[in-house]
Protein chains: 2
Amino acid sequence: MARKQGSHSDITGPRIHAAALKLFAEHGFAAVSMRQIAAEVGVQAGAIYNYVPHKQALLANLMRGHMDGLLADIEPHLPEGDPMAALDAFVRFHIGYHLDRVDLVFISYMELRALEPENFDLITRLRGDYEKRLERILIDGTRDGVFDIADPKITTLALIAMLTGVTNWYREGGRLDQGDIADHYAAMARRMVCAAP
Amino acid sequence: MARKQGSHSDITGPRIHAAALKLFAEHGFAAVSMRQIAAEVGVQAGAIYNYVPHKQALLANLMRGHMDGLLADIEPHLPEGDPMAALDAFVRFHIGYHLDRVDLVFISYMELRALEPENFDLITRLRGDYEKRLERILIDGTRDGVFDIADPKITTLALIAMLTGVTNWYREGGRLDQGDIADHYAAMARRMVCAAP
DNA sequence: GTGACGACTGAACGCTTGTTCAGTTAACAC
DNA sequence: GTGTTAACTGAACAAGCGTTCAGTCGTCAC
């Protein structure tokens, strides 16, 4: 038996990537075999190679898609000219975007080392671009005197680590919903960048 | 040829664990083979089984040792009765301890999922114990009115994520040394838990 | 000098890995 | 109805996996 019913090329490709995402997040890139991914889709391992040249590309595609989406989506979310509002917007965007894509975030942080140098450099550069968005806000706010920040680079990294950490413990249906969480983190972020009393 | 010179049993065991630590941190647990670990030590793969019953135990030993050390070491570092001083001490201890053990921290966060349920539960519980130390400080400080914290649980998780994030970018000989970094993070932590101006 | 023992080798075990490819079949164009 | 093609199977490939174990050989106690 070969094709089962109708043409599947436009649906199998995404399904393979979705299965890979799920399994990579659950077990790690190296611990997942092409056969497991194929089984999740309901297909033989060989079929995957109609859509992807090798296993590495599966991971690279997922990460690349994640970073591209992240950079494209944040652009319209950041108001110009008001650093405090921009920081607030960044926090809420970051938490919302990441909580909606926990698996993607997870593998993008965990499996960087599984990438070949070329892909590694690309993803690292894109992540740097994203962090620059926040650093820009902090620098602008410091220049305007609305923030009091000793080292914008460190504060950027501290904030991003703090925000991304949410994905490690957030569970849907838990004590707090996404809105509550975003409120808390926005408040903490605001305190971090303002002068102490 | 068997033994090369002198008795090695008390040195080979630690060397195997050290090699495993290095390689797990570099490539991930699943991506490292027993033969690679053995080669790093200068021994055949079979020799590892004189020291460890299976690969999984190698990982579990490393994580267990890390968490035990962490919990034992923090105890004498936290002053009683002064939440602000305790928070400061916690921040400095956490950063110092983690920056001295970047590889251990890395695999303890990354490879949790590679543990079998029994080991997973153990490590997760130990980590919870550690986080409780910080949460206790925050709760005490809030009770005493020196902190202003809406949700101690969330602030705990936010602080720990922020602090542990340092291990992702710190490089020895970089722009800032450990002391500078600890100062910055201590200041940020203080702001996070105090009422905004 | 002899015997016991601990530390290690090296080969082997059955299995799984990523990847390739000739062959099969449903769907579509004409 | 025929021919073409896209989608997929299923078997095969060499390589590598974790683990076991009989055998080898320094070292030490007596």
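Modeller: In chain A, residues 24 or more positions apart account for 70% of the contacts with a separation of 6 or more; two residues are in contact if their C-beta atoms, placed from the backbone, lie within 7 Å. Please keep in mind that this is a predicted model, in which local features need pLDDT of at least 70, side-chain atom pairs count only at pLDDT 80 or more, and totals for chains, interfaces and linings use all residues. Residues are numbered from 1 along each chain as its sequence is written, while chains are lettered from A and ligands numbered from 1 in the order in which they are written.

The C-alpha atoms of chain A fill a box of roughly 70 × 40 × 30 Å along the principal axes. Of its 197 residues, 32% count as buried. A residue is buried if 20 or more other C-beta atoms lie within 10 Å of its own, exposed if 12 or fewer, and partly exposed in between.

Now to your core. The largest nonpolar core has 48 residues, and A:Y185 and B:Y185 have the most contacts inside it. Such a core is a set of buried Ala, Val, Leu, Ile, Met, Phe, Trp, Tyr and Cys residues joined through C-beta atoms within 7 Å. Both chains take part: α5 (83-99), α7 (117-144), α8 (152-164) and α10 (178-193) of chain A, together with α4 (83-99), α6 (117-144), α7 and α9 of chain B, each supply at least two of its residues. Leaving out residues up to four places away in sequence, B:Y185 touches A:A158, B:V91, B:I95 and B:L163.

In chain B, α6(B) has 28 residues and reaches 40 Å from its first C-alpha to its last. Its buried residues are B:I123, B:L134, B:I137, B:L138 and B:G141, and their cover includes α3, α4, α7 and α9 of chain B. Just after α6(B), B:G145 takes a positive phi of about 80°.

Finally, here is how the chains meet. 28 residues of chain B are in contact with 28 residues of chain A. On the side of chain B that touches chain A, α7 (152-164) and α9 (178-193) of chain B each supply at least two residues, and α9(B) gives the most, with seven. A rotation of 180° with 0.0 Å of shift along its axis superposes chain B on chain A (RMSD 0.0 Å), by least squares on the C-alpha atoms of residues with pLDDT of at least 70 in both. The two copies are therefore related as by a two-fold rotation axis. The same surface serves both, since 100% of the contact residues of chain B recur in chain A.

Methods
Helices (H or I, at least four residues) and strands (E, at least two) are DSSP runs, numbered from the N terminus. The expected span of a helix is 1.5 Å times one less than its number of residues.
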